Amino acid sequence: NPHTNKMTRRETLGIVIFAEPANEMQRRFNQEMEEKAEAIRCIRYQSLINEQFGFLDKTKQKMDFLAYFEKKAKSKYDKWMSVYLHFKKFCGGRCTFGDITTELCEDFREYLLYAHNLRHPDKKIPLSNNSASGYWSTFRCLLKMAYKEKYITENVNDFLEYIEWDDVIKEFLNQDELIRLAQTPCDSDVLRRASLFSCLTGLRFSDILNLDWKNIQEIAGIGLCV
């Protein structure tokens, strides 16, 4: 199976034909569908032989890498989609698996070092070095998946450099400062409670925005937990 990499006896194409064609049109339709199924079978067989003996599979080379990237990003978390949008912008909205070369990936690495935050396109806010490093690591993870699933024939990661991570000193409130914050008047009560909730749980702003009541559970002997 090309998607799960598990052995299978058959691959369903989703092509339906008339079991008992009643006229010439239905018989012609059946013949055309059978010819298409046979063509697909030949392509799949050729692909399997190419993989088995290490030949270049031109069929996979022409497949849409961006569509693959988007599918993976939707099954992950927000950062993956951000990296996808940056890569889509970088490549102009078109990229096949055959386009994935060391040179292209190095150019994308350079792009990330000077890219702007896509969430605020009007403000032209540059990505921080750590954001670029995180996005680059995510992209390298995608390349590893594509290589493992045999969509690309070369492990491009072997030839790519990392983007070094900058050490960041995390600022936090001590207990006295937190008490002062809790006692400070605020025009928006929900903002005040959300801020204190963030301080007490360590959840980021984006995590709190996505928080739902189903994420709060009571555990025996502990109490309410996120």
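**Salt bridges and a helix contact**

Guide: In this predicted model, Glu 24 and Arg 27 form a salt bridge, with 3.5 Å between the closest N and O atoms.

Visitor: About how many helical turns separate Glu 24 and Arg 27?

Guide: Both residues belong to helix H1, which covers residues 24-53. They are three residues apart in that helix, so the separation is about one helical turn.

Visitor: Is Arg 27 buried, partly exposed or exposed?

Guide: Buried requires under 20% relative accessible area, and exposed requires over 50%. The relative accessible area of Arg 27 is 42%.

Visitor: Which residue forms a salt bridge with Arg 193?

Guide: Side chains of opposite charge can pair when their charged atoms come close. For Arg 193, the N to O distance in the salt bridge is 2.9 Å. The partner of Arg 193 is Asp 189.

Visitor: Asp 207 forms a salt bridge with Arg 204; what is the exposure class of Arg 204?

Guide: The closest N and O atoms of Asp 207 and Arg 204 are 3.1 Å apart. Asp 207 is partly exposed, with a relative accessible area of 26%. The cut-off for exposed is over 50%. Arg 204 has a relative accessibility of 55% and therefore counts as exposed.

Visitor: How many salt bridges does the structure hold?

Guide: The pairs discussed include Glu 24 with Arg 27, Arg 193 with Asp 189 and Asp 207 with Arg 204. The total for the structure is six.

Visitor: How are helices H4 and H5 oriented to each other?

Guide: The axes of H4 (residues 78-90) and H5 (residues 102-114) come within 11 Å and cross at roughly 110°. Angles of 65 to 115 degrees fall in one class, so H4 and H5 are roughly perpendicular.

Visitor: How many residues of the contact of H4 with H5 are nonpolar?

Guide: H4 contributes Val 83, His 86, Phe 87, Lys 89 and Phe 90, while H5 contributes Leu 104, Asp 107, Phe 108, Tyr 111 and Leu 112. One of the contact residues is polar and two are charged; the number of nonpolar residues is seven.

Note on methods:
Residues numbered from 1 in each chain as written. Predicted model: local features only at pLDDT ≥ 70, side-chain atom pairs only at ≥ 80, totals over all residues. Heavy atoms only, no water. Axes fitted to C-alpha atoms, helices over the stretch in contact; angles between N-to-C directions. Helix = DSSP H or I, 4+ residues; strand = E, 2+ residues; numbered from the N terminus. Parallel < 35°, antiparallel > 145°, perpendicular 65-115°, else oblique. Contact = heavy atoms within 4.5 Å. Nonpolar A, V, L, I, M, F, W, Y, C, P; charged D, E, K, R; others polar. Salt bridge = Lys/Arg side-chain N within 4 Å of Asp/Glu carboxyl O. Buried < 20%, exposed > 50% of the residue type's maximum accessible area, 1.4 Å probe, protein only.
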